[in-house]
Amino acid sequence: MGPQPRLRPIADDDILTVLDLNDRDVELLAPLDAGRLDQLRGWADRADVIDLGEQIAGFVVTFAAGTAYDSPNYRWFGERFGDDFAYLDRIVIGAEFRRRGLARFVYDTIEAEAAQVGRLALEVNVEPPNEVSLAFHRGRGYVDLDSRGEPGHVVTLMAKEL
Ligand SMILES: CC(C)(COP(=O)(O)OP(=O)(O)OC[C@H]1O[C@@H](n2cnc3c(N)ncnc32)[C@H](O)[C@@H]1OP(=O)(O)O)[C@@H](O)C(=O)NCCC(=O)NCCS
């Protein structure tokens, strides 16, 4: 057993770590630089690191419904669900920390909060496929609602009723 994970807001000292975590998996995510991270933190409900005490294992960003966040996928959920969703924009667990239940811990926390609005929504790449993320989300009960994109870059829009 490693140290107990803790979610806490991204601090200025964490920014380089967060940008590096994003860069290492950027093809599965969206590009992120310091300016964009700052903008996301302004809109986000939660922009947290997964703090293991001595190490940062990953980060997660979520949005409540109804913010000015400029993502077309987020807007799609807003049109479909109004205020009745929370949105997980991005999660990364660093490669050396995977498969230890850290994402499970993060989702347990976030889903418990999202239950107040009925569902948690997010998207996952299906073209090219993010097989690990699809396995993780399908295993947790997320269902495909629709897909968006263009040839070569398609996402599935998923939600879990809570
Ligand atoms: C997807 C991701 C967040 C999962 O994080 P994680 O902390 O390794 O996941 P967990 O250890 O909590 O896994 C929980 C369950 O998900 C499933 N799962 C996780 N990784 C898996 C893998 N490589 N293959 C198959 N199933 C997997 C398993 O059911 C697992 O339970 P088990 O270990 O008891 O079998 C992580 O792989 C990651 O950050 N990937 C890169 C970035 C990314 O793809 N983010 C999501 C974008 S939508």
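Helices (H or I, at least four residues) and strands (E, at least two) are DSSP runs, numbered from the N terminus. This is a predicted model: local features need pLDDT of at least 70, side-chain atom pairs count only at pLDDT 80 or more, and totals for chains, interfaces and linings use all residues. Residue numbers start from 1 along each chain, as its sequence is written.

Start with the elements. The chain has five helices and seven strands. From the N terminus on, they run β-α-α-β-β-α-β-α-β-α-β-β.

Next, the overall form. The C-alpha atoms fill a box of roughly 40 × 35 × 30 Å, taken along the principal axes. The radius of gyration, taken over C-alpha atoms, is compared with a globule rule: 2.2 Å times the number of residues to the power 0.38. For 162 residues, a compact globule would have a value near 15 Å; the chain has 15 Å, which agrees.

Now look inside. Buried residues make up 30% of the 162 residues. A residue is buried if 20 or more other C-beta atoms, placed from the backbone, lie within 10 Å of its own. Two residues are in contact if their C-beta atoms, placed in that way, lie within 7 Å. Of the contacts with a separation of 6 or more, 61% join residues 24 or more positions apart.

Technical notes. Buried ≥ 20, exposed ≤ 12 C-beta atoms within 10 Å, placed from the backbone.
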